[in-house]
Amino acid sequence: MEGSRLRGALDPSGSGADDIAAVWWLLFFLGFAVFVLVVAALFVGVRRSGRPEDRSTSRAWMLGGGIALPAVVIAVVLAVTLSTMRSSAQNPPDTAVEVEVIGHQWWWEVRYPEHGVVTANEIHIPVGEPVALRMQSADVIHSLWVPELAGKLDLLPERVNTLVIDATRPGRYPGRCAEFCGLQHANMDIVVVAHRPDDYASWIEAQRAAARVPVSAAAQRGLDVFVASDCGSCHTIAGTTANGTTGPDLTHLRSRESIAGGMRDTTIPDLREWITDPHAVKPGVLMPGPSLTDDEIDDLLAYLEGLE
Ligand code: CUA
C-alpha cells in the first residue's frame, strides 16, 4: 500500500534530516573529488610508464596522496559528523510538544500525556514546532526511522530515548521500524502527519473525545460482542469498559489510515479480513485467531465503523 512507500532521507522536511542530508552530500562530493584525483593520477602514471623513475617525485605522491590527503579528508568528515551527532542529540526545548512512543511487536503506541490522547501507528504533530518523542519499547528493541524528518533512534525496553523532530512543512511522512524485531519487523510502519497549528488543535480535540456511542441496533450488538468476547482485555475504547493496553487503543480507530502496522487500511473489508483471521494476514501477531460467528463479525464491524 501507499503508506509503506519510503521516501528518501535526501528529501528532508525537518531540521534533523536537513543536517543528515548535508553530511551525506559532503561525503558524496568529497568522495567524488577523491575519485577524480585518483583517476587523474592513474592517467599520469600510465603516460609516464617506461620513463626513468624520479624517486623524490614518487615519495611526494606517496606522502601527499597516501597520508596527507586522506588525513585531511577524514578529519573534515569526522569533525562534521561529530558536530551533527551532537546537534541531533541535544535536549529538546521546554516548549517542545511531548509525545510518548512505545514500540510493540509489531505496531507503535503513541501517547499525548498532556492531552490524555492515545493512538497507534501515527504521530500527529504541529508543523514548525519541536516535538520531543520519548521513546521506549514494551518488548524487544525497535528503531524509529522517518527519513524525511530525522535520523534513526532505538526504542529500548529499559530506558527512554528522546528523539526531537520537527517538520518544516505540513504533510505526511512515512516511516518504519529500522531494527530487526522478529517475524513481522518488515510490517511495522508508522506515519508522521504534520498539521498547520489550527488543524493540529482540531485533531487533538477530536482524539480527546470518548468513543461514539452505537447508533444502530447492529452497532449496539457489536459493542456487546466486543465486551463479551473479551476484546477489551487487550484494547481500550474510551467511554466503555474496554481498557486493555496490550493492543492498540481503538477509541478513534477509523480516524486512522491503517491497522496491523500499515498492512491493511481501516476500511470495513480490511477490518473484516483482519478480525476474521489476523494470523492469516500477519503470522505471529498477538491478536487471538478466529472465534466469532459471521453474524457476530457483522455486528462488530457495524460498531467499529462508527469509531471515528
Ligand atoms: Cu520493530 Cu523492527
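At what angle do helix α4 (residues 217–228) and helix α7 (residues 294–305) pack? In this predicted model, local features need pLDDT of at least 70 and side-chain atom pairs count only at pLDDT 80 or more, whereas totals for chains, interfaces and linings use all residues. Residues are numbered from 1 along each chain as its sequence is written, and side-chain values use heavy atoms, with hydrogens and water left out.

The two helix pairs are set out below; helices are DSSP runs of H or I with at least four residues, numbered from the N terminus, and axes are lines fitted to C-alpha atoms over the stretch in contact, with angles from 0 to 180 degrees between N-to-C directions.

| Helix pair | Angle | Axes |
|---|---|---|
| α4 and α7 | about 105° | 7 Å apart |
| α1 (residues 15–48) and α2 (residues 55–88) | roughly 175° | within 10 Å |

Helices α4 and α7 are therefore roughly perpendicular to each other (65 to 115 degrees). Their contact (heavy atoms within 4.5 Å) includes Arg221 and Phe226 of α4 and Asp299 and Tyr303 of α7, and by class it has eight nonpolar, one polar and three charged residues.

Helices α1 and α2 are therefore roughly antiparallel (over 145 degrees). Among the residues that make this contact are Asp19 and Leu30 of α1 and Trp61 and Val77 of α2.

Phe29, which is found in helix α1, also belongs to a nonpolar surface patch together with Leu10, Trp24, Trp25, Phe28, Phe32, Phe35 and Val36, and these residues together have about 820 Å² of accessible area.

Notes
Angles under 35 degrees count as roughly parallel, over 145 as roughly antiparallel, 65 to 115 as roughly perpendicular and the rest as oblique. Patches are made of residues with over 30% relative accessible area and no salt bridge: like charges are joined within 9 Å, nonpolar side chains (Val, Leu, Ile, Met, Phe, Trp, Tyr) within 5 Å. Accessible areas come from the Shrake-Rupley method with a 1.4 Å probe; for residues, only the protein chains shown count as cover. A salt bridge is a side-chain nitrogen of Lys or Arg within 4 Å of a carboxyl oxygen of Asp or Glu. Ala, Val, Leu, Ile, Met, Phe, Trp, Tyr, Cys and Pro count as nonpolar, Asp, Glu, Lys and Arg as charged, and the others, Gly among them, as polar.
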